[in-house]
Amino acid sequence: MRLTLRQRTERKWLLAAEPEVLEELRRLRARVTHVTGALAATSDGVVLAHDTATVEPEGVAALTAAALGVAQSLAGATGRGAFRELLVRGANGYVATYAAGSTAVLTVLAGDRTNVGRLHMEARRSGARLADLMGVALSRAEQP
Amino acid sequence: MANTQTALKEAMTSIEGSLGAALVDYSSGMALGTVGGGKELDLTVAAAGNTDVVRAKVRTMEQLGLQDTIEDILITLGNQYHLIRLLKGRDSQGLFLYLALDKNRANLAMARHQLRRIEAELEV
């Protein structure tokens, strides 16, 4: 994929926010039991930070971007508005993706014994915090 | 027989001192229905938090080797009572009723009695 200069600059600043983003991911993992991993990625699938031991973050970020595309279309086509979150439950647990502003997402892996109510609560809060961090990073990119 | 919303509304109106009530699925921590609550008492937060309370007690009983079931859990605060009643019906396993009461207005014995009656009439 060819990127414009502007996109490249934005990405550079987003990636520069990695330590703060990682700290937020660790905080989320600590606050919700049975969460086994979390990663932040741009909507187009670039990993910004990850705290995952069991899965390969690049692959998950790419799949998240693909699922996000379908989820956005589905929400749009059925009049549900802008994307907020996506929850997948498998036999062995959950994969959930939460919007972190309009440019990034937060994907969380959790075991099947996780408290989904708490996961939603904490991950929505983390999503909002990540959105703030992205906002700060992007405003730096705007400056000449 | 009463549906979830009717049963929760009844709990709020018939039990003196009720501040909020919720029916919660403790396998997921999500509320099936809520009535009352508000800014001082976010029932979604209460549903998720009290799910951890119920799970911890269930686990503790397993570890103690107690072959028994939990009927209810009472938490006494300075100004409130919080009552958690685990449902027993065939179709309502894994659910609990949560009720927050104003300590100064509530009659605890009466509240437990009423909650038992509401459970009996509840059809999920």
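L74(B) stands opposite L83(B) in β4(B). This is a predicted model, in which local features need pLDDT of at least 70 and side-chain atom pairs count only at pLDDT 80 or more, while totals for chains, interfaces and linings use all residues. Residues are numbered from 1 along each chain as its sequence is written, chains are lettered from A and ligands numbered from 1 in the order in which they are written, and side-chain values use heavy atoms, with hydrogens and water left out.

**The sheet of chain B**

Helices (H or I, at least four residues) and strands (E, at least two) are DSSP runs, numbered from the N terminus; two strands pair if DSSP finds at least two bridges between them. β3(B) pairs with strand β4 (residues 80–86) of chain B in the antiparallel sense, over five bridges. Helix α2 (residues 43–64) of chain B packs on the sheet and touches β1, β2, β3, β4 and β5 of chain B; its direction makes about 115° with that of β5(B). Helix α1 (residues 4–14) of chain B lies across β1 (18–25), β2 and β5 (95–102) of chain B and runs at about 40° to β2(B). For these angles, axes are lines fitted to C-alpha atoms, for helices over the stretch in contact, and values run from 0 to 180 degrees between N-to-C directions.

The sheet itself is open, with five strands in the order β2-β1-β5-β4-β3 (chain B) and antiparallel pairing. At its edges are β2 (30–36) and β3 (72–76) of chain B, each pairing on one side only. On average, neighbouring strands of this sheet are turned by 15° against each other, direction ignored.

**β5(A) and the cores**

In chain A, β5(A) pairs in the antiparallel sense with β1(A) over seven bridges and with β4(A) over eight bridges. T107(A) in β5(A) has L39(A) opposite it and is also the bridge partner of T97(A). The hairpin of β4(A) and β5(A) has three residues between the strands, and there G101(A) takes a positive phi near 75°.

Residues count as buried under 20% relative accessible area, exposed over 50%, and partly exposed in between (1.4 Å probe, protein chains only). Eight of the eight residues of β5(A) are buried, so this strand is largely enclosed by the rest of the structure. In a regular strand the side chains alternate between the two faces of the sheet. From β5(A), A104(A), L106(A), V108(A) and A110(A) point one way, V105(A), T107(A), L109(A) and G111(A) the other way, and all are buried.

A nonpolar core is a set of buried Ala, Val, Leu, Ile, Met, Phe, Trp, Tyr and Cys residues joined through side-chain atoms within 4.5 Å. The largest such core has 27 residues, and L106(A) and V108(A) have the most contacts inside it. At least two residues each come from α2 (18–31), β1 (35–42), β2 (47–52), β4 (93–100), β5 (104–111) and α4 (116–142) of chain A. The most is given by α4(A), with seven residues. A second, separate core of 20 residues includes A7(B), A21(B), V35(B) and L87(B).

Contact means heavy atoms within 4.5 Å. Leaving aside neighbours within four places in sequence, V108(A) is in contact with residues including L28(A), V35(A), Y94(A), L119(A) and A123(A).

**Interface and salt bridges**

Eight residues of chain A are in contact with 11 residues of chain B. The two chains, A and B, bury about 760 Å² between them, 47% of it on carbon and sulfur atoms; buried area is the accessible area (1.4 Å probe) that two parts lose on being put together, summed over both. On the side of chain A, R113(A), N115(A) and M121(A) lose the most area to chain B, together 51% of what that side buries.

A salt bridge is a side-chain nitrogen of Lys or Arg within 4 Å of a carboxyl oxygen of Asp or Glu. The structure holds 16 salt bridges over all chains, and one is found across the interface of chain A and chain B.

| Side chains | N to O distance |
|---|---|
| D52(B) and R118(A) | 2.7 Å |
| E85(A) and R124(A) | 2.7 Å |
| E71(B) and R85(B) | 3.4 Å |

E71(B) lies in the loop between α2 and β3 of chain B and R85(B) in strand β4 of chain B, so the pair ties together parts that are 14 residues apart in sequence. E71(B) is partly exposed at 36% relative accessibility, whereas R85(B) is buried at 6%. Salt bridges that share partners join E71(B), D72(B), R85(B), R112(B), R116(B) and E119(B) into one network.
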